[in-house]
Amino acid sequence: MDISDLRVFEAVSRHGSMNRAAQELHTVQSNVTARIRTLEEELGVSLFQRHARGVSTTPAGQRILPFVGRITKLLADARNAAQDDGSPSGALLLGSLETTTALRLSPLLSHFAMTYPEVRLVVTTGTTRRLLDEVLECKLEGAFVAGPVSHPELEHEVVFQEELVLVTSRSVRSMDDLVEIIDLRTIVFQIGCSYRQRLESLLAEMGIVTAKPLEFGSLDAIISCVSAGVGIALLPKGIVASAWQEGRVAVHELPPERSLVDTLFVRRSDAYTSSAMTAFLDMVRSKSVPLSSKP
């Protein structure tokens, strides 16, 4: 099985189109079609269903797709290991919750970039669910996510601990007032955000029925909507400290079993640990809470 054929397969699956995959791979569509046909003949199964809008990956194709990322990552690890002389360099692809990036990582990332200028550090933000998927699919080398996490292919470390608080407009004097609000809305990140799940669970236990949540992609938008009385949110206390001090929002503290959440750094347990990753983790650990490394 040729790795280049697998890369063609992954591109076609991702785009749902032979033509768009050919454009990405800087080749012609006939070459992509021939490579896919060769791979299908070798495996003895159909990988795509052809239709007027392009192609859809078959169940057999879906089953082998995760292996493509792992094989590609394994080859990249082998190349990196051969070239890694112990001096941090090259690309380091990481993910993080937006709240963690804003509250914890900004000064750390700046310090790391100044200390190791040969490392091309790329950090993308997303929900816990999305970040875990991208680490498992080898699209990210590691990510900061909200705990708990349990997966046989991942190892994780507790690096920070956050105190979550309920954030409302100033007109809400206590959490008891929430029961009286008609069509109460939650202001949240996309599905897959662990803070969103915790907020929904908290309100359900209080017997509060909420209207359809409003989804936003940035912290500033969430805090602005809460301040305007559009809805409520559950966020790390440090994130809303400034808005709270300025009198733009009200903060309601929760009991420890509801408020304390670990931020974990996760990575694949079978991944090669480069000098760049080692240097990054050493810097993170120097700023973190006492660690408990878990499989």
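How many residues does helix α11 have, and how far does α11 reach from its first C-alpha to its last? Helix α11 (residues 275-287) has 13 residues and reaches 19 Å, close to the expected 18 Å, where the expected span is 1.5 Å times one less than the number of residues. Helices (H or I, at least four residues) and strands (E, at least two) are DSSP runs, numbered from the N terminus.

This is a predicted model, in which local features need pLDDT of at least 70 and side-chain atom pairs count only at pLDDT 80 or more, while totals for chains, interfaces and linings use all residues. Residues are numbered from 1 along each chain as its sequence is written, and side-chain values use heavy atoms, with hydrogens and water left out.

Buried means under 20% relative accessible area, exposed over 50% and partly exposed in between (1.4 Å probe, protein chains only). Among the buried residues of α11 are F280, L281 and V284, and the elements that cover the buried residues of this helix include β3 (90-96), α5 (98-115) and β11 (260-268).

A nonpolar core is a set of buried Ala, Val, Leu, Ile, Met, Phe, Trp, Tyr and Cys residues joined through side-chain atoms within 4.5 Å. The largest such core has 47 residues, of which V145, L178, L235, V240 and V266 touch the most other members. Strand β6 gives the largest share of this core, 6 residues. Apart from it lies another core, of 18 residues, including L92 and V284.

| Residue | Relative accessible area | State |
|---|---|---|
| C138 | 16% | buried |
| C225 | 16% | buried |

With a disulfide taken as a pair of cysteine sulfur atoms within 2.5 Å, the count comes to 0 disulfides. C225 is in no disulfide, and the nearest cysteine sulfur, that of C193, is 15 Å away.

Technical notes. Contact = heavy atoms within 4.5 Å.
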